[in-house]
Every structure is written in structure tokens, then in C-alpha cells.
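Me: Please take a close look at one chain of this model, and then follow it across to its partner. I would like a careful account, with the cut-offs behind each term.

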Amino acid sequence: MIRASILFDWVADKHDKHKSKYTADRLIPGAFEGETVTRRRFMTGTAHTAGAIAAGAFTLPALGFAIGPIFKSTPHRWETVGEVGRFSANNYTPVVMTLTPGIGEAGKTTVYIRKFNPAIDTDPYDRDTPFIAISSRCAHVGCPVRWVDAAERFICPCHGGVYDLLGRRVGGPPVRPLDRFYTRVVGEDVQVGPRFSVNSELRRFSPRDPGEPLDGIGQYLYPSRPTARKL
Amino acid sequence: MPRLPKLPAPPLPSALQAPPPRPGEEVTKGGPLEDAKQAGVTVVDWIDERTSLSGVGRWLLFRKVPKGTNWFYTLGSATLFAFLSQAVTGVFLAMYYRPDPAGGAYESIRHVTNDVFLGQFVRGMHKWGSSVMVVLIFLHMGRVFFFGAYKYPRELNWVIGAVLLVLTLVMAFTGYLLPFDQRAYWATIVGVNINGTGPLLGPYLSDFLRGGGEFGATTLSRFYSIHMLIVPGLIVALIGAHLYLVTKLGTTAPPWLKAKERSELLETEV
């Protein structure tokens, strides 16, 4: 056990021994008058600083280069997926669209599209959406779900996630409903735009990766991309 | 480094020993045959005089090992050789591989497997060798754990080993994408999204791995760079540290061997 007196002694000592800021007063050999930093200390500091600047000069740009894509915003793409008459209000039509151009099949995804149906889409958020476009990316860890017509369910082959007609989870491990895409009608063509995520009440959020819940505290634990823009 | 005693030279069989000079015979030193025999020794001596590497070699190789050292102690070396096999086969696979997501990556792997001489063998070594390395690491880890070899003063070596385990799993994960077939693609999608489920930092981590919000044009080259440049460099450096500590601290005796009390200290015999 440390005796309290030792602590007090030490504190008192520190205040007693007032060190002069001049090297000459501290009896350092070779001190100049008026000098506060020894030449050796100055030289060491200079060498370390120069080394740190040199190392930082290539480390920091390389690091920024590697993590840059996190902060890069991608332009919104709108892709024409067919004419208005192609989609019914009661069933989904699968459409293959390109998310990332230039990398062939790896950049494509399936989107399930149907016409807005006032009988089903009673949610206030969906009111001014001409077409409902549901992403096939499972909200568990991103496997491709399939619309099974007979069961009226989206079913994921990987870990058994099941979603209903509106993309809301009814079984399995997914943490939120299926993502959706913005849609618009230009002339006679239906266009599919950027992705957005929804929580279990179908409230809209900027797009999140699979496996990230959006109910309760989830939207704060899994922040959206800094560059995600609201439409 | 302390001066180490030289190892005694093994005695030459008498048939190979030069006969002693006859009385009156002049002792001739050298001759072309003798010079040729000395050439190798001279080169090694020349290097050793300037580097003292032979001392390092003796320090590294001629260590005392405890009684009871058995086959389980070879699992670490086995892991090392699995890594060396991965490194060599990986370097040569990189001569053929093209990290091009628009079909070139898959095509180059197909070319290696089907067309290149011994391509299927070298790629098979790399593919199956990765599983072998992971299995061996866990066996080695189990040996260290059950023999209690992680205890003082070897805790730091356990920590380095744990980091090496994680780095090996990173290698296995990033290497899985490179063939760029359906399995590789979906396994990477799932793996990256599992990374993303970590709270707060997870979304940024998965964006970093993908190089953006979606699986994109740079994801494959990013994985390739991590797989063949960043992580192997770290692994080599950490294996060096791991081996240095093993050599410095020595290995442990198996736990079933009790230290024998010196007979003169036994009370019954005093």
C-alpha cells in the first residue's frame, strides 16, 4: 500500500525544484546564454519531424486513395425497363437492370416491378409512386430472392428469408423489408432509378446495405453513406 | 550477439584423410584440386566475415529443445511450409491472372485450368493448399493451447499467432472472389454484407471493401491487391517476428513431463 505521505512529498518536491528554462542555468555543458533548447534536442526533433513529414507524404495520399470511394457520390441512373402496359397491378414482372455499368453480368440485378395498386399499397409513402419496384437483394446478407407466384412470397435460397407481397419480412433471418427503387414514367416508358431502403413500417430511408436493421436504434447504428442524397 | 562456440567438425573417414607426409617429402600446400575444394569454403567465409550470418544460423538451428518434444511440435513448421507453398504457387498464378470483372478474370482462370501446362496442378495446389493452411493453423493453435505453451513468457507470440490466423482468414476470403464465378461472386456479396452488420463502422468497412456502394468495377482489383500485396507482406513480417520469438524463448516441454528434482536435493537421501 502506498503511504499518503509519499504522494504529498512527491507533489511538494515537484513544486520545490523549479527548473529554469535556460539551459545555462540547468548546468548543461556547452550551453549558450539565453538558450532554452539544447542543440542536441533541437536536432533530434528536427530529424524526427522531417522523417514524419516524409513518411506522411506518401502514406496519407495512399490512404486517402484507398478510402476515397466511401466518400464518392455516384450519379443517379434512370434505366428504362419497358412500356407502361408491360406491368400488371396484381403480379410482379421480373426485370434485369444494370446497377454498375461496364462490368458485364456482375453489375446487373433483378428487380420485381408491378403497377401501383391502391388496394394493396395503402401506405402513405407509396401514394405518389406510379410503379412499385422491389429489389431482389435479400435484406439478410444480400442473396438474390425470387418471387414465388403460387406462395405469393419472395423467398431467399440462401438462409430461408421469406417476404410478403409488399416485401415485408414474414419469416427467416432478414432484419428489414426488401429494398425498393424509385420509379417514374417518361412518356410511355417506365424508368427505374436509385435504390432506397424501408423499415418494417415501409418508411423510407437512404439506401443501406443488407443486414442493417432500420427499426428503432438501427438507423443510427447503421448510418447512411455520407454522400447519399435524398431525392 | 554473444560469441558462440564453433561446432566440432565431423571426423573424416580414414580413407578420405590425406596421408601424412613421408620423411623427406616436401609438404605441398594447395594444388588445383585443393584450390577447387577450398573455393566454396572461401566464398562462404568471405560472406560470413562480413555478415556473421553463420552465428545467426547456429542461433536459429542449433537450439536446445526440451525432453518430450514430439510430432505435434512440427505443426508450426507445417503451417509455415503451407504458407510458402501458397506464396510460390500464388506468384506463378499471378503471371496468368487478369483481375477484369467483365469476363476476363473468369476466362484467365479457365485458361490456367484447361490450357496451361501444369496449370490445373498449380492452381489446385493453391486452391486446396489454402484449406490445408487454415486447418494446420488451427491444429497448431490447438497444440499450443493444450500444451500450455501460450503462457509466460510466450503470450506475445500467442497474440502474433492470433493476428496471423486472422490475416490467413482474410487471405482465404479475398482469394475466394478471384475466380469470379457464381460461387465467388455470391460468397463475396454475403461476406462483405456480413462485415457491414458491425454497428457504426460496419457500413464504412463494407464500402471500403467494395470500393463504393455497390459491387463495382474496382471491387475485384481491390480484393486482388489485398490478396496478393497487402496481406502477404504483413504475414511475412509477422511470421518473422513469430519465429524470432520462438527462437529467442525456446519451446516448452509437453505438460505431462514433470521437471525432475535433482537427486541431491531429495530429502530422503540427505
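Predicted model: local features only at pLDDT ≥ 70, side-chain atom pairs only at ≥ 80, totals over all residues.

Reply: Two residues are in contact here if their C-beta atoms, placed from the backbone, lie within 7 Å. Among contacts in chain A between residues at least 6 apart in sequence, 40% join residues at least 24 apart. Residues are numbered from 1 along each chain as its sequence is written, and chains are lettered from A, with ligands numbered from 1, in the order in which they are written.

Chain A contains three helices and 11 strands (DSSP runs numbered from the N terminus, H or I of at least four residues for helices and E of at least two for strands), and along the sequence they follow the pattern α-α-β-β-β-β-β-β-β-β-β-β-β-α. The C-alpha trace of chain A spans about 95 × 50 × 30 Å along its principal axes. Of the 231 residues in chain A, 24% are buried, a residue being buried if 20 or more other C-beta atoms, placed from the backbone, lie within 10 Å of its own, exposed if 12 or fewer, and partly exposed in between.

Helix 2 of chain A covers residues 39–67, and its 29 residues should span 42 Å at 1.5 Å a residue, which agrees with the 41 Å between its end C-alpha atoms; the expected span is 1.5 Å times one less than the number of residues.

Turning to the partner, 22 residues of chain A are in contact with 26 residues of chain B. On the side of chain B that touches chain A, helix 7 (182–196) and helix 8 (202–210) of chain B each supply at least two residues, and helix 7 gives the most, with seven. For the complex, the predictor gives an ipTM of 0.81 and a pTM of 0.83, and chain B averages a pLDDT of 90, with 96% of the residues scoring at least 70.

Several local features of chain B sit in its loops. B:Phe180, in the loop between helix 6 and helix 7 of chain B, has a positive phi of about 55 degrees although it is not a glycine, and it is buried, with 25 other C-beta atoms within 10 Å. B:Ser52, in the loop between helix 1 (32–51) and helix 2 (53–61) of chain B, is likewise not a glycine and has a positive phi of about 60 degrees, but B:Ser52 counts as exposed, with 11 C-beta neighbours inside 10 Å.

Within a helix, B:Ala87 belongs to helix 3 (residues 75–93) of chain B and is partly exposed, having 14 other C-beta atoms within 10 Å. Its C-alpha atom is separated by 9.9 Å from that of B:Val236, although B:Ala87 and B:Val236 are 149 residues apart along the chain.

Definitions and conventions. pLDDT = per-residue confidence, 0-100.
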